[in-house]
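Thanks for making time this morning.

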Amino acid sequence: HQRQQELVWLDREGNRTGVIAEVQTTRPFPDLSDDDSQVAMAVTADVGRSIVVWDATRIGIAQTLTTDGRFFDMARWAPVQNELAAYAASPFEMYRVSTINGATERILPDRGIMPVWTRDGETLIFTKMADEGFSGSLFIWQNGSAESDLVAFLDRPGFQWMADPSPSGDYVAYSSSEQGEEQIYVTTFPEPGSRWRISESRGSA
């Protein structure tokens, strides 16, 4: 049985300032649009998990985008207007999802999760799951290139995921379990160079 949860606004000090919606989900990864007007997240459906978009300015106003029974885990806003980058489990595949009519287009099928576009819309950063065991590395893919044209970005021990490029495109924040507990790091982009751990104890990007 899933507990009812709330999608809420918090200020920078962590104080609750408002409610967007009540939800049921096992994948609490909301993503706020650049203009702060909409929130996207995967929620539990009668069959599978659906991607839902809420109007962040009006409580409870929502649009369910996917109803095909797939188990979507996460959706993130793309720089292209009216589009999300999302992934589904069983099997792991990544999609473009229209916020106008919910139409889906597969991007990559190769065990990819947590996709996010750079701000220019040219590069997709994602985690490619290992064939065996619970581990994954960060890869990049250039928009419009062949599915096989994947480039390893960060291949380190453990699990590298939750990548988030900076607005300038010069850095990427990500979560890593390479030292056991999950920590947040920042590294340079598009070539990984120097990196900095920015979490004090543990955390997810």
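This is a predicted model: local features need pLDDT of at least 70, side-chain atom pairs count only at pLDDT 80 or more; totals for chains, interfaces and linings use all residues.

Let me start with two tryptophans: Trp 117 is buried, and so is Trp 141, where buried means under 20% relative accessible area, with exposed being over 50% and partly exposed in between, using a 1.4 Å probe and protein chains only. Residues are numbered from 1 along each chain as its sequence is written, and side-chain values use heavy atoms, with hydrogens and water left out.

Next, the stacked pair: Tyr 174 and Tyr 185 sit 5.8 Å apart, centre to centre, with 25 degrees between the planes. The rule is that rings of Phe, Tyr and Trp (its six-membered ring) pair if their centres lie within 6.5 Å, and planes under 30 degrees apart count as stacked, over 60 as edge-to-face and the rest as tilted. Tyr 174 belongs to strand 16 (residues 171-176) and Tyr 185 to strand 17 (residues 183-188), so this pair ties together parts that are eleven residues apart in sequence; strands are DSSP runs of E, at least two residues, numbered from the N terminus. Both Tyr 174 and Tyr 185 are buried.

How many aromatic pairs does the rule give? The count comes to eight. Trp 117 and Trp 141 form a tilted pair, because their centres are 6.4 Å apart and their planes are at 50 degrees. Elsewhere, ring pairs link Phe 29, Phe 159 and Trp 161 into a cluster.

Definitions and conventions:
Helices (H or I, at least four residues) and strands (E, at least two) are DSSP runs, numbered from the N terminus.
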